[in-house]
Amino acid sequence: MRELLQPFVRFFVSLRLTVVLLVLSILLVFLATLDQVHLGVWGIQHKWFFTLIVVESVNGFPLPVFPGGYFIGGMLLINLVAAHVYRFKFSWKKSGIWLAHLGLILLIASQFFTGLQQRESQVQFNLGDTKRYSEDFLLDELAVIDATDPKFDDVVAIPETLLARDEPIQHPKLPFRIVTRLYYPNSVVQMRSQAPNAPPSPATMDIGLQLAVTPQAITYKQDERNMPTACVELIGPEGSLGIWLVSPWIEQPQAFDYAGHTWQLAMRSKRYYTPYAMTLLQLKNDVYPGTDIPKNFSSQVRIHDEAKGDRDVLIYMNNPLRYGGLTYYQYQMNKANGLSVLQVVRNPSWLMPYIACALVALGLVIQFGTHLVGFIRKRSVVAAK
Amino acid sequence: MRPRLLLLCAAAALLASCRDERISTYRVPKDAPSPVVSAPATAGTPDITWSLPTGWTTQPDPSGMRKGSFLVSGADGAKADMSVTAFPGDVGGDLPNVNRWRGQVGLTPIDDAALSQTVQTIDAPAGKFSFIELSGASGAKKPVRMLGAWLQQPDRRWFFKLLGDDALVAAQHDAFFAFLKSVSFTTAPAAAPAVAGPVKAQSTNDLPKAPFAPFANGATPDTGAAPAPADSSATPAPTDSAPQASLTWTAPAHWQAKPLSTMRIGSFAVSNDAGTADISIIAFPGEAGGLLPNINRWRGQLGLAPLAEGDLAGATTALDGAGGLHFTVIDLSGQAAGAPAQMLGAILSFGGQTYFFKLTGPDALVAREKSAFLDFLKTVKAP
């Protein structure tokens, strides 16, 4: 058994593998950067880095073209750990190298966890607004809301990706199933009065009757966002309830009554609710005196947390708020309209890179320090002679 | 080692593949409406009645946000806009709303201590109104004055705001107070909650996601993109209501339609080797601040000095469109982002709204498109 494992062990502990993987990771970054022209920064992250294999579609046929970020990172991690276990024997003299490598392992692991867990979203509010959720930058969802309760909404949030599949959606909390009749990942929605030549609307209910939809090419630009539109048919046990047109272009949810409940339908940016609420109290846009050059943007917000009580905080450039596992950065502001946008980042492993770098630094200091001390000792002995 | 590698790969694939694919369910408190962009309180809103002071005329409210919308006209074309709005809750309290109003007349925000000194109370049959008077300047440094009052009811807050030329508004004190004192409420049965909303307001040209951005021309501070509306508390998507009342037009074939936004009811682009020019159509209720401030706002966007009232006639041309529509057209050349730029603008007052048509871009391209733009204006039709 041991002999059987030997070739594998030799392969995984070899320095050659390390070099090959490092070259591959350089190539990965280079190729992904080139591909950014086509896919934008969000697209390439998923295509090149958060994947085991990079798949390129050739004439509609998926072809693996390059090892992905997870694969190279994973192999590097295994290589590093294996080399540690089989090559290095622990001694105080080598403790610096040990620490530096431990730091490297932690760095790779932290990137892996960040890739899996990091989530970026935004809170957008006007002065006086209270929000208890942030919205995703890119993802949309179809919210089917049971709004019967006067105080609460019971929400079933269906990711847009499920609407894109040609399969009926059924959920135990919904008394009807949802069938996608039309889906455009990016679209423009206009009033019919502005698009007199538009084909008849597939929607049979509500505002959808008055709207015209024009499909658009999917955008990967960093400063643009896709605006999906879908026509969904709700089908209850006794038959179809109608076809609704849903899109983030439509601001207000569309409401209807069914089975003794009031329902609302809204396609909107995917929401992430927090157990606390935030009110925008004040925003400031300071400029350098005598110029229009912005010096600082700041938002004063009040956090309403039932568990911890109310708290006022000031969020400004380079001074984010860390609260409830989330980090809130001042992101955009339009003072004239009393609007402030905070970027919300969830990254449970945000501390790991700091610890990793500290370990590497400490390891290097010990390693070189030990050598330096030994060298100086040797010289002083020679000098004494 | 191998099984470990396989396990790691499988775990990574599993974790990576199942992200954001699940249907989630949750229970959340109902959203509190926003003070600026939310729909007005409709369900069970008490019916409000008042008697109009002399000289105040009802003007249409294309936004659908207002409970009352009036125009006050004075000598020399002076105008003031009166709005009555209602929102659920206390809309964030006194200070944010007063500071929002202060911002509208170019004043800096104040704190709680200063607030208590500036707010007066007015006893009226409908209740105790809080009253505030603000004087400042519009974007064009024209002196403006605002008389603002609010009335807190258990479940909603009413806002009464008269904003316009300084002297005219100052002369309307008594009329404003008389109006407040004439306000009375009769509770009507609960109406159906507002559904099926307006087409919204967003722009794929905004920074990522700005899905609910109530401004369209970039999220940078004070771009000056929006005209100085008479009442920014009532500036929702212009397509909000009464789509049958909106104008229609036919764009030249070589203009590419762009996504609409909160502000834009029409949006196009035209390009050549020199770059891309942008065509926008926006609408605001009422006078939207008047002709001169808006033209000076446009001049400011090209780095040009503001015009005085007397220069206005010489700087603009009149264009008669279809069906008796009258456009005021202006052709401006200046600098934008360090390059020579040209702007063709047209302002049209129709149906209680002011429409702004604007073509901006590199000077050579805009010059080439001038005739197309003027022809385009002639295709604009009333419904």
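Student: How many bridges join strand 4 of chain A to strand 5 of chain A?
Tutor: This is a predicted model, in which local features need pLDDT of at least 70 and side-chain atom pairs count only at pLDDT 80 or more, while totals for chains, interfaces and linings use all residues. Residues are numbered from 1 along each chain as its sequence is written, with chains lettered from A and ligands numbered from 1 in the order in which they are written. Strands (E, at least two residues) and helices (H or I, at least four) are DSSP runs numbered from the N terminus, and two strands pair if DSSP finds at least two bridges between them. Strand 4 (residues 130-146) and strand 5 (residues 152-159) of chain A run antiparallel, and the number of bridges joining them is six.

Student: Which residue is the bridge partner of A:Ile145 in strand 5 of chain A?
Tutor: A hairpin of five residues leads from strand 4 of chain A to strand 5 of chain A. Across it, A:Ile145 is bridged to A:Val155.

Student: Which residue in strand 1 of chain B does A:Asp153 stand opposite?
Tutor: Strand 5 of chain A also pairs with strand 1 (residues 24-29) of chain B, antiparallel and over six bridges. In that strand of chain B, the residue opposite A:Asp153 is B:Val28.

Student: Is A:Phe152 buried, exposed or partly exposed?
Tutor: A:Phe152 lies in strand 5 of chain A. Leaving out residues up to four places away in sequence, A:Phe152 touches B:Arg27, B:Val28, B:Pro29 and B:Lys30, a contact being two C-beta atoms, placed from the backbone, within 7 Å. A residue is buried with 20 or more other C-beta atoms within 10 Å of its own, exposed with 12 or fewer, and partly exposed in between. A:Phe152 has 14 such neighbours, so the class is partly exposed.

Student: Which strands stand at the edges of the seven-stranded open sheet of chain B?
Tutor: The order in this antiparallel sheet is 3-4-5-9-8-7-6. An edge strand has a single partner, so one side is left without a neighbour in the sheet; in chain B these are strand 3 (56-58) and strand 6 (120-124).

Student: What angle does helix 2 of chain B make with strand 7 of chain B?
Tutor: Strand 7 (residues 127-137) and strand 8 (residues 143-152) of chain B pair antiparallel over eight bridges, with B:Leu134 bridged to B:Met146. Helix 2 (residues 94-104) of chain B packs on the sheet and touches both strands; the angle between its direction and that of strand 7 is about 30°.

Student: Which residues of helix 6 of chain A are buried?
Tutor: Helix 6 of chain A is hardly covered, with three buried residues among its 33. Their cover includes helix 4 (95-117) of chain A. The buried residues are A:Ala356, A:Leu359 and A:Gly363.

Conventions. Axes fitted to C-alpha atoms, helices over the stretch in contact; angles between N-to-C directions.
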